[in-house]
Structure formats: structure tokens, C-alpha cells
Amino acid sequence: MARSLARFYRARAGARAGVAPAQLHVIQRFGSKVNLHVHVHAAVSDGVFELAGGRLRFRPVPPPSDEELERLSREVRRRVLRRVWRLKAAPHEALAELVARPRGGFSLNGKVLVGAQDRAGLARL
């Protein structure tokens, strides 16, 4: 997921290699009912960081649209399922079930925004 998001933000910034968004990914293995529900929470900056003149500089970019999030979700899904298949990390039946589902258990949500000076929002995050 991190590579797909980095590529997206790099392209959105019209930037070359060497720039990237800040990302923090956390794997959660359970749902709200303490059931098995493996998923990833990610915090991603709405822009890229680059070194310019020996200083780290942030270049903001507009957040992804719903359509772009849908496309990124399909890309992440394809990459994850392909890797799981190659590693034989899940039973074939489980992968077939995910492939058969419309979103296959994958979605991205870009609705939660935390501003740079939003200390309460950062604490909740």
C-alpha cells in the first residue's frame, strides 16, 4: 500500500524519485467485537517531502478524489492478492472468495483529515 500511495502523491506533485509523502501504517488484527479482522490503518500527508538546498521542504497537493481512492484501492487489492498468492500465505479458497467479492475486502477512506495545527485531532489520531 505504501508504494502505491507514494507513487500517487509523487505523480500528483509532478515530482521525480526522491520525494515522498509521510506515511504511518498500523496493522490491526481485530475488529470492534474482538473478532479476527486484519486490516491496516494509515495516516498519509496530503503532499510530498523533498530535500531542497539541504532543507526538508513540504509540497502540499490536493487530496485524492473518491474516484482516485477507488482506483488506488483496486491497485492495492491486486498487489496484495498477487503477493499472498505467490507466498502461498492463504488458502486458495480464501483468495478465490476475495476475488469474487466486488471490492474483495479492500477499501480506502480519505474522509478523515487532521490539520497541521489541530492538536486535538492529532491526539485522536
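1. Ser 73 lies in helix H2, which covers residues 66-87. The model is a predicted one. With a relative accessibility of 6%, Ser 73 counts as buried, because the cut-off for that class is under 20% relative accessible area. Once neighbours within four places in sequence are set aside, the contacts of Ser 73 are Phe 106, Ser 107 and Leu 108.

2. The largest nonpolar core is built from nine residues. Its members are Leu 5, Phe 8, Tyr 9, Ala 13, Ala 15, Val 19, Val 48, Val 61 and Leu 72. Helix H1, residues 2-12, is the main contributor to this core and supplies three residues. In soluble globular proteins, nonpolar side chains tend to be buried together.

3. Ala 13 is one of the core residues. Not counting residues up to four places away in sequence, Ala 13 touches Val 48, Arg 59 and Val 61.

4. Strand S2, residues 36-44, gives the most to the patch, with three residues.

5. As for the overall fold, the protein chain contains four helices and four strands. Their order along the sequence is α-β-β-β-β-α-α-α. The C-alpha trace spans about 50 × 35 × 25 Å along its principal axes.

6. On contacts through the chain: among those with a separation of 6 or more, 46% join residues 24 or more positions apart.

7. On burial and surface: the protein chain has 125 residues, and 23% of them count as buried. The chain exposes about 9,400 Å², and carbon and sulfur atoms supply 56% of that area.

Methods:
Residues numbered from 1 in each chain as written. Predicted model: local features only at pLDDT ≥ 70, side-chain atom pairs only at ≥ 80, totals over all residues. Heavy atoms only, no water. Helix = DSSP H or I, 4+ residues; strand = E, 2+ residues; numbered from the N terminus. Buried < 20%, exposed > 50% of the residue type's maximum accessible area, 1.4 Å probe, protein only. Contact = heavy atoms within 4.5 Å. Core = buried A, V, L, I, M, F, W, Y, C linked by side-chain atoms within 4.5 Å. Areas by Shrake-Rupley, 256 points an atom, 1.4 Å probe, with all protein chains shown as cover.
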